[in-house]
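We will walk through it stop by stop.

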Amino acid sequence: MLADDQALLAATFQVLIDATDDLEVVATAADGDQAVQLTRSTAPDVVVMDIRMPHQDGLSAAAQITSDPRLHGTRVLILTTFETDDCITRALRAGGSGFLGKGVGPAEFLAAIRTVAAGDMVLSPLATHAVVTRSLAGSSPERPHVTPRELESLTPREQEVLLCAAEGLTNEEIAERLYVSPLTVRTFVQRIMHKVGAHHRGQLVALAYRTGFARVPKPPPLSFSRSCKRAAGLRARHDCVPLSKA
């Protein structure tokens, strides 16, 4: 299901998704309230949720969806232009399974939907960096208390998987690198999370950096969405940013 108050963007996303063989848009919502109502009536596998929408923002709507026991099989993927620390943190606290910027490419967007539908988490480079930075600063109330010694209790294979996850690789990418199946990787990730007390993949990645197990990445350079790039030659740079509301 798509939830975005910008009709043109929603229509574009729907065309892109419906063009695939394995994905289908079952409903579209133009505001947060409608997103919650349609999710309850259609029970989609994934809700692609914008943040800034009328009546109720996407993060509040996401929290309602993920806390509803009737929708335990529905995942929320946040797709927005506002990749701020506050939005990222609120999205994870709301139970979001993914956080991407709207500058993402079509292939990566579709891959993220499939990944979230499979029960895994997807974070953009900016989101990953924000999670790591907040965890290292001790500002996240959700982070489990794990010491490097506890991470050393992981098996060598689990440590390999953790380092790959810290790079932001998906289960499929980790499987390809380690020559195992994606299902095996998923089992390893779940086992690691259970051992360290992490509740989602974002916490697991943050722990790897906070304990020094992995090195803190530099934040990726900011980039305009494709629509902004096209507009850059027609207007001043500061006029380009508001082209996409959320």
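What follows is a tour from the whole chain down to single residues.

**Before you start**

This is a predicted model, so local features here need pLDDT of at least 70 and side-chain atom pairs count only at pLDDT 80 or more, while totals for chains, interfaces and linings use all residues. Residues are numbered from 1 along each chain as its sequence is written, and side-chain values use heavy atoms, with hydrogens and water left out.

**Stop 1: the whole protein**

Show everything as a cartoon. You will see 13 helices and six strands; helices (H or I, at least four residues) and strands (E, at least two) are DSSP runs, numbered from the N terminus. Of the 246 residues, 46% count as buried, where buried means under 20% relative accessible area, exposed over 50%, and partly exposed in between (1.4 Å probe, protein chains only).

Which share of the contacts between residues at least 6 apart in sequence joins residues at least 24 apart? That share is 64%, with contact meaning heavy atoms within 4.5 Å.

**Stop 2: a cavity**

The structure holds two cavities of 30 Å³ or more. On a 1 Å grid over the protein atoms alone, a cavity is a set of points where a 1.4 Å probe fits but cannot get out, and lining residues have an atom within 4 Å of a point. Grid points are joined across faces, edges and corners, and a volume is the space filled by probe spheres set on the points.

Select Leu-2, Ala-3, Asp-4, Phe-13, Val-48, Asp-50, Leu-79 and Lys-102, which line the second largest cavity. About 30 Å³ of space lies inside this second largest cavity. Colour its lining by class and you get five nonpolar, no polar and three charged residues. For that colouring, Ala, Val, Leu, Ile, Met, Phe, Trp, Tyr, Cys and Pro count as nonpolar, Asp, Glu, Lys and Arg as charged, and the others, Gly among them, as polar.

**Stop 3**

Now pick residues 85-93, helix α4, whose buried residues are Cys-87, Ile-88, Thr-89, Ala-91 and Leu-92. Cys-87 has a relative accessible area of 11%. After α4 comes Gly-95, with a positive phi near 90°.

Jump to Cys-164, which is buried at a relative accessible area of 4%. How many disulfides does a search of the whole structure find? The search finds zero, a disulfide being a pair of cysteine sulfur atoms within 2.5 Å.

**Stop 3: two loops**

Select Glu-24 in the loop between α1 (7-18) and β2 (28-29). Is Glu-24 buried or exposed? Glu-24 is exposed, because its relative accessible area is 62%. Leaving aside neighbours within four places in sequence, Glu-24 is in contact with Ile-17 and Asp-18. Draw a C-alpha to C-alpha distance from Glu-24 to Met-1: they are 23 residues apart in sequence and 8.3 Å apart in space.

Thr-155 sits in the loop between α7 (148-152) and α8 (156-166), and at 34% relative accessibility it counts as partly exposed. Its C-alpha is 9.4 Å from that of Ile-192, 37 residues away along the chain.

**Stop 4: positive phi**

Most residues other than glycine have a negative phi. Select His-55, where phi is positive, near 70°. His-55 lies in the loop between β3 (46-49) and α3 (58-66) and is exposed at 70% relative accessibility.

Finish at Tyr-179, whose phi is also positive, near 60°. Tyr-179 belongs to the loop between α9 (171-178) and α10 (182-196), and its relative accessible area of 75% makes it exposed.

Notes
On a 1 Å grid over the protein atoms alone, a cavity is a set of points where a 1.4 Å probe fits but cannot get out, and a pocket is an open set with protein on both sides within 12 Å along at least five of seven lines; lining residues have an atom within 4 Å of a point.
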